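These are short notes for a colleague who is opening this structure for the first time. Please read them with the model on screen.

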Amino acid sequence: MGSPMRVVIVKPSKYTVGGDVERFRWGLMPNSTVPYVRSMTPSELDGTQLDIHSIDEYVHTDLNYMSLFRQARSGRTLVALAGVQSHQFHRALDLAAYAHNHGCMVVIGGPHVMTCDTSMLQGNGISFALSEAELVWPQILQDAADGQLQPVYGQDQRWQEELQAPVIIPPTRRDLVCYFEPLMGLYPARGCPFICNFCSVIKIAGRRVRSQSIDTTMASLRAAKAAGVRLIIFTSDNFNKYPEAETLLEAMVDEQLNLEFFVQCDTQIAKQEPLVAKLAKAGCYQMFVGAESFNRQTLIDAKKRQNCPDTYRDIVRLCNEYGIGSHFSNIIGFPGDTELEVHEHLETLRELGPTWSSFYILCPIPGTEQYDDFLADGLITEKNLDRFDTTCLTWRHPHFSRVRLSELLYDCYRQFNSWSHALQNVKDRGLRHKKKLAKSVGSLGMSMFIRYCAWRRTHPMSGGVMRVRRDGVKDYISLRRQAFGLELAPLPQSLPVPPAESRQNGGISPTTRPGE
Ligand code: SF4
């Protein structure tokens, strides 16, 4: 047996406006990519023992894990920076430079490097993985065990034709206490049939919905429950477009799993009452729906024509009827939005009364069709990728300044989460629910938390509760300069989808409009 190899799988955090690494005492949302990559990692590879560590930086409030990079023994540590989005890319580069400086082999993967051209950063000793982990991770591990990574992996194919996902090894009890509740993320399916121009999902996972086997999902759920997980976050984008959704829900009921779970659905769930009933029976406690706007023309312009605002009321009604919390996602700052539009949107939303609402500022996310359009039109004003996180204006809007749109964002949170709405939630979520007291307290606590965040002007959905300051960009910037010869990564061009993906999408290019 060869000497052991250490494998450190890290979800990088991001830098805040003040330059701190974003860290929380308790996380609100689990990271799903790290457990997937960890679960695809064997404990032994051709006689080499693997010593595996999983890190979600958002909830690591001490820096002890950095010692895993420092103790690299002449190329026997592999650091995988997983699930990196554009606003986390600088943090990933800094961790990569730090680990590489200490003798680690390093690979960066995730949405940013899958969809954006990073060739100007390649060839500096850091590897880049441009596809779903399932396609390249075994090769990366093998190369690392042999002592040498390739500069780039997965440039010819972004995603698997058939999803061969692993059964998830659940988080340890020590990891679970880092979150507000013991929770875990799970992807029963990937991909989305729609073509919203601001969204990167179809560039990352394709337009054909691919699902893993029910057996795999059920085995992951059983393992999670046995490990003490109490809440499952199904991170698949449109649970109601997942062909085996009903079969999975029935299996969960038959096995009496009694695990509460969160799902994301598109607005067409309004016409799927039998599915809503099954979701409720299987333990769904919250449904997140991409409403985005009440203006039909705005939705059409954003290529989200599948959304018909006159059906939104049915979603709230169905969720109320079946005891599921409805959670609407709202985007402010679409190109045609004015201040009056935002106020009217808020009024309509308050009148509709979903249980929860999240608000985001329209952001041209690198790799998306909208980003390409805005870049070509010279509209993008923000140069720092850290800011492309949907909490601030990054482009020249015809009607809003950055400051004004930011004020409106927090006004929306404050006004939607009024005391009367909070009390209504207590009534709806608590009194009608079996776990009355816990649900009432939880619901009230969440409303207070959101109002507090709005008052502090921090985004409530940024990932956790109680920020902890430990380190910041100033501690790493010289490393970034040394390793990559820059302080800010240039705004990238989007990468074209490889031909294999276009075939897999049934020959439909992600830029084709439905019905055209
Ligand atoms: S429906 Fe949702 S996941 Fe699908 S493209 Fe639109 S925003 Fe993205």
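1. Within β13, Phe261 is the bridge partner of Ile232. Strand β13 (residues 260–265) is parallel to β12, and three bridges connect the two. Strands are DSSP runs (E, at least two residues) and helices likewise (H or I, at least four), numbered from the N terminus; two strands pair if DSSP finds at least two bridges between them.

2. This is a predicted model, in which local features need pLDDT of at least 70 and side-chain atom pairs pLDDT 80 or more, while totals for chains, interfaces and linings use all residues. Residues are numbered from 1 along each chain as its sequence is written, and side-chain values use heavy atoms, leaving out hydrogens and water.

3. Strand β9 (residues 183–186) also runs parallel to β12, joined by four bridges. Here Gly185 sits opposite Ile233 of β12.

4. Are the two faces of β12 (residues 231–234) covered or open? Both are covered: Leu231 and Ile233 are buried on one side, Ile232 and Phe234 on the other. Buried means under 20% relative accessible area, exposed over 50% and partly exposed in between (1.4 Å probe, protein chains only). In a regular strand, side chains alternate between the two faces of the sheet.

5. Leu423 belongs to helix α16. Leu423 counts as exposed because its relative accessibility is 55%.
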